[in-house]
Amino acid sequence: PVTHPLASWENLKSYQFPDPIKDIEDIQDAVSKADHDRYMLVGDGGIWHRLHALRGFEKVMMDIIQSRRELVVLIHKLIDFNLKRLKCLLEFDIDGVMFGDDWGTQGRLMIRLEQWRRYFKPAYKSMFDLVRRRGKHVFFHSDGYVADIIPDLIEIGINAVNVQVSLIGIEKLSQKFGGKVCIAADVDRQHVLPF
């Protein structure tokens with residue numbers, strides 16, 4: 001995005017979210033044509049990246065540091081939007097839902113763990129709970145060094161996590177999370193793919 005509709009908090013009251021189920025028929029069509037002998041996921045439910053698109057990355061970071069009340073309001077609006085979509089998607093013949101937000105830098109989370117737990121853990125939990133109640137699996141993708149949030153993600157209901165294994169370390173992932181969650185390994189995009 002080159003512009004952000006909520007760059008000013010003054011726009012929050014009048015901002016109209018798009019129809020959350022407008023493209024659901026297209027997704028249903030794709031699911032119905034898919035080979036059902038395979039494990040099938042649909043992707044949805046990001047929050048972090050949508051905040052950046054709506055506000056801009058720097059502004060979201062400042063909102064977190066300043067504990068802006070408007071940020072909480074916007075996150076709740078995003079949760080409501082995502083839950084409406086998820087309720088429709090969960091009616092499809094799918095095995096699970098893939099959530100994704102890139103939370104890590106090369107060596108740590110983008111924000112403090114306490115901030116992540118305050119603002120984002122409850123948001124994900126509300127969406128994961130819905131998916132799990134419908135008997136579907138929860139997959140979560142996040143790039144960067146995100147080992148610190150994996151225990152929280154497991155606690156709130158993920159079945160599988162897709163992370164940068166080569167960045168975090170296969171031994172660390174195995175020792176800390178082996179037997180607790182499925183690790184969906186990636187192709188090393190820092191060394192193997194570019195070189």
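User: In which hand does H4 pass H6 in their crossing?

Analyst: Keep in mind as we go that this is a predicted model. A crossing is right-handed if the near helix is turned clockwise from the far one by less than a right angle. Here, H4 passes H6 in a right-handed crossing. H4 covers residues 69–89 and H6 covers residues 121–133; their axes come within 10 Å and cross at roughly 15°. Angles under 35 degrees count as roughly parallel, so H4 is roughly parallel to H6.

User: Which residues of H4 and H6 make the contact?

Analyst: On the H4 side you'll find Ile 75, Ile 79, Asn 82, Leu 83, Leu 86 and Lys 87. H6 brings Ala 123, Ser 126, Met 127, Leu 130 and Val 131. Sort the contact by class and you get 8 nonpolar, 2 polar and 1 charged residues.

User: How do the axes of H2 and H4 cross?

Analyst: Helix H2 takes in residues 48–55, and its axis comes within 11 Å of that of H4, crossing at roughly 120°. Angles of 65 to 115 degrees would be roughly perpendicular and those over 145 roughly antiparallel, so H2 ends up oblique to H4. H2 passes H4 in a right-handed crossing.

User: And what makes the contact of H2 with H4?

Analyst: From H2, look for Arg 50, Leu 51, Leu 54 and Arg 55. From H4, the residues are Leu 71, Leu 74, Ile 75, Leu 78, Phe 81 and Asn 82. By class, that gives 7 nonpolar, 1 polar and 2 charged residues.

User: Let's move on to the sheet. In what order do the strands lie?

Analyst: The general idea goes like this: strands of a sheet pair through backbone hydrogen bonds, either parallel or antiparallel. In our case it's an open sheet of 5 strands in the order E1-E2-E3-E4-E5, with parallel pairing. At the edges sit E1 and E5 (182–183), each of which pairs on one side only. H6 turns up again here: it packs on the sheet, touching E2 and E3, and its direction makes about 145° with that of E3.

User: How many bridges join the strands, and which residues are partners?

Analyst: Let's walk across. E1 (residues 41–43) and E2 (residues 96–100) pair over 3 bridges, and Leu 41 has Gly 96 of E2 as its bridge partner. Next, 5 bridges join E2 to E3 (residues 137–141). Among the partners there are Met 98 with Phe 139 and Phe 99 with Phe 140. Then 3 bridges join E3 to E4 (residues 160–162), where Phe 140 has Val 161 as its bridge partner.

User: Is E3 largely enclosed or open?

Analyst: To judge that, count buried residues, where buried means under 20% relative accessible area. In E3, 4 of the 5 residues are buried, so the strand is largely enclosed by the rest of the structure.

User: What does Asp 152 touch?

Analyst: Leaving out residues up to four places away in sequence, Asp 152 touches Leu 113, Trp 116, Arg 117 and Lys 121.

Definitions and conventions. Residues numbered from 1 in each chain as written. Predicted model: local features only at pLDDT ≥ 70, side-chain atom pairs only at ≥ 80, totals over all residues. Heavy atoms only, no water. Axes fitted to C-alpha atoms, helices over the stretch in contact; angles between N-to-C directions. Helix = DSSP H or I, 4+ residues; strand = E, 2+ residues; numbered from the N terminus. Contact = heavy atoms within 4.5 Å. Nonpolar A, V, L, I, M, F, W, Y, C, P; charged D, E, K, R; others polar. Pairing = 2+ DSSP bridges. Buried < 20%, exposed > 50% of the residue type's maximum accessible area, 1.4 Å probe, protein only.
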